[in-house]
Amino acid sequence: MLTHEENMLLCRIEGDAPMGQLMRRHWTPVCLIEEVSEPDGAPVKARVFGEDLVVFRDTDGNVGVMDEYCPHRRVSLVYGRNEDCGLRCLYHGWKMDVKGNVIEMVSEPSCSDMTKKTRHKAYETKEWGGFVWAYMGPQDAIPEFVPPAWAPTEDTRVSIAKAILPCNWAQILEGAIDSAHSSSLHSSDFVPARVGGAEATSKNWLRPSTDKAPRMQVHRTGYGFRYAALRRPIQNAATHDYVRSTVFVAPATALIPPNNLYNVANINVPCDDTSTAFYFMAWGHPDKTPETETWRKFLGQQVGIDLDAYYRPLRNTDNRFWQDREAMKAGNFTGIKGFPNQDIAMWVTMGPIADRTEERLGASDVAVVEFRRRMLDALKAFQAGELAIGTGDNAIPRTVCSFQAMVPKDTDWKQYAAQPVWVEVEAASVGEPNYQVQV
């Protein structure tokens, strides 16, 4: 367990909170590209690290991420006019471009040079992998954007489900890296079967094990850690282990073991201390990875059906997450449809910030314990003047990925030659990985 002080240090990210300052040293998703796909379209409100932001695409197709509140009288720019390469405040007509330059002040005398003296807070942006990213750290030292492990090339299909959840980022991340819970919480969706590895169908995922108590092993790295959940397989149990290896990429990404068709990942962006933008991605070859709406339907994360227009789940504590007790009597373990919804029910019912001082952890919680230690150690190093975890020379190598496989007992999983799930294609260019189907 953690002390109350350690828990707050781990979880709080607003203002000058040390963890928030560490996170700001990474490029961060702000919203989905699809939310601002139209030039001169409606601006979008976002909230990241406790900051209220406005996101818009200008007439020329450039995306801006700015402080939501006009520098003049601090009214919301989400309601502004997006026109002629700038966002115009409705109150007095001040207009800002995507870089934060105040280009018009129609309420000021024509002889005023106030526009030259006024600048609005705006962040450097990048569009990649279905997201609008921003660098919200020091603007005088913006690092080059490096594609994340789950969107390595422009031709990678990335299908994203988004949900804004009323709880802290860390308890969501801990759920994503906790392999042991999947054998219970998701047992009606991750179905044991006599297969050679994890396989995906249109209704569920199959796994080659009935073992609910995996052995956990962790390997710490400069970007976070890798860990393996070793289970007894249904077939060849005397000679092989069924290994599911997850990668934690600091500060808030999990590369989740794939199935036979596509890879899976999760990134958690703190809106503030007690709410989080949860993103769950399927990624891989365009011919094998489900399209966005297919993915969202499979997960039970469709806007207008499972979520409101602002990506807030319609399932909540007030309606018991639409839990079906009759389905439970008929054999469904949770009575909650869609395995992310099963997770969300667990995360949300922990409270806005989980009280880790009251926990009783066991052997199955090795990865959760390592996450806490790794991030608190990284925070101590950052406060001592070192680079933020996972940046610079400690960025995750392109060769690292999650995997699931039947591994001979005499083989060290840390040395297993894993590759992301992909169909055989020629390398896009010199230096690009040549992904193969994982078998």
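Helices and strands, as named here, are DSSP runs numbered from the N terminus. The structure is a predicted model, with a chain average pLDDT of 92 and 96% of the residues scoring at least 70. An exception is the stretch of residues 424-439, where the pLDDT is below 50; beyond near neighbours in sequence, this stretch has 29 contacts in the model. The chain is divided into domain 1 (29-135) and domain 2 (157-415). The points below treat the contact between these domains, then the pockets and the cavities.

**Domains and their contact**

- The C-alpha centres of domain 1 and domain 2 lie 35 Å apart.
- Domain 1 contributes 14 residues to the contact, and domain 2 contributes 13 residues.
- Between them, the two domains bury about 1,000 Å², and 60% of this area is on carbon and sulfur atoms.
- On the domain 1 side, Leu 32, Arg 47 and Phe 131 lose the most area to domain 2, together accounting for 40% of what that side buries.

**Largest pocket**

- The largest pocket has a volume of about 960 Å³.
- Its lining consists of 43 residues, of which His 26, Trp 27, Val 146, Gly 390 and Ala 395 are the closest to the centre.
- Strands β1 (27-32), β10 (131-135), β18 (253-256) and β19 (263-272) are the elements that give two or more residues to this lining.
- Among these elements, β19 gives the most, with four residues.
- By class, the lining of the largest pocket comprises 32 nonpolar, eight polar and three charged residues.
- This pocket lies between domain 1 and domain 2, because both domains give residues to its lining.

**Second largest pocket**

- The second largest pocket has a volume of about 600 Å³.
- It is lined by 25 residues, and those nearest its centre are Val 44, Lys 45, Ala 46, Ile 164 and Tyr 310.
- At least two lining residues come from each of β1, β2 (44-48), β11 (157-165), β19 and β20 (275-284).
- The most is given by β2, with five residues.
- The lining of the second largest pocket has 17 nonpolar, two polar and six charged residues.
- Domain 1 and domain 2 each supply at least three residues to this lining.

**Largest cavity**

- Two cavities of 30 Å³ or more are found in a search of the whole structure.
- The largest cavity has a volume of about 260 Å³.
- Of the 21 residues that line the largest cavity, Gly 175, Ala 176, His 181, Ile 256 and Asp 343 lie nearest its centre.
- Two or more residues of this lining come from each of the elements α4 (169-177), β17 (240-249), β20 and α7 (339-349).
- Helix α7 gives the most to the lining of the largest cavity, with four residues.
- The lining of the largest cavity divides into eleven nonpolar, seven polar and three charged residues.

**Second largest cavity**

- The second largest cavity has a volume of about 60 Å³.
- Its lining is made up of Phe 190, Ala 198, Trp 205, Leu 206, Arg 207, Arg 244, Pro 257, Pro 258 and Asn 259.
- Strand β14 (residues 205-207) gives the most to this lining, with three residues.
- By class, the lining of the second largest cavity has six nonpolar residues, one polar residue and two charged residues.

Conventions
Residues are numbered from 1 along each chain as its sequence is written. This is a predicted model: local features need pLDDT of at least 70, side-chain atom pairs count only at pLDDT 80 or more; totals for chains, interfaces and linings use all residues. Side-chain values use heavy atoms; hydrogens and water are left out. pLDDT is the predictor's confidence in each residue, from 0 to 100. Contact means heavy atoms within 4.5 Å. On a 1 Å grid over the protein atoms alone, a cavity is a set of points where a 1.4 Å probe fits but cannot get out, and a pocket is an open set with protein on both sides within 12 Å along at least five of seven lines; lining residues have an atom within 4 Å of a point. Grid points are joined across faces, edges and corners, and a volume is the space filled by probe spheres set on the points. Ala, Val, Leu, Ile, Met, Phe, Trp, Tyr, Cys and Pro count as nonpolar, Asp, Glu, Lys and Arg as charged, and the others, Gly among them, as polar. Domain bounds come from an automatic or database domain assignment. Buried area is the accessible area (1.4 Å probe) that two parts lose on being put together, summed over both.
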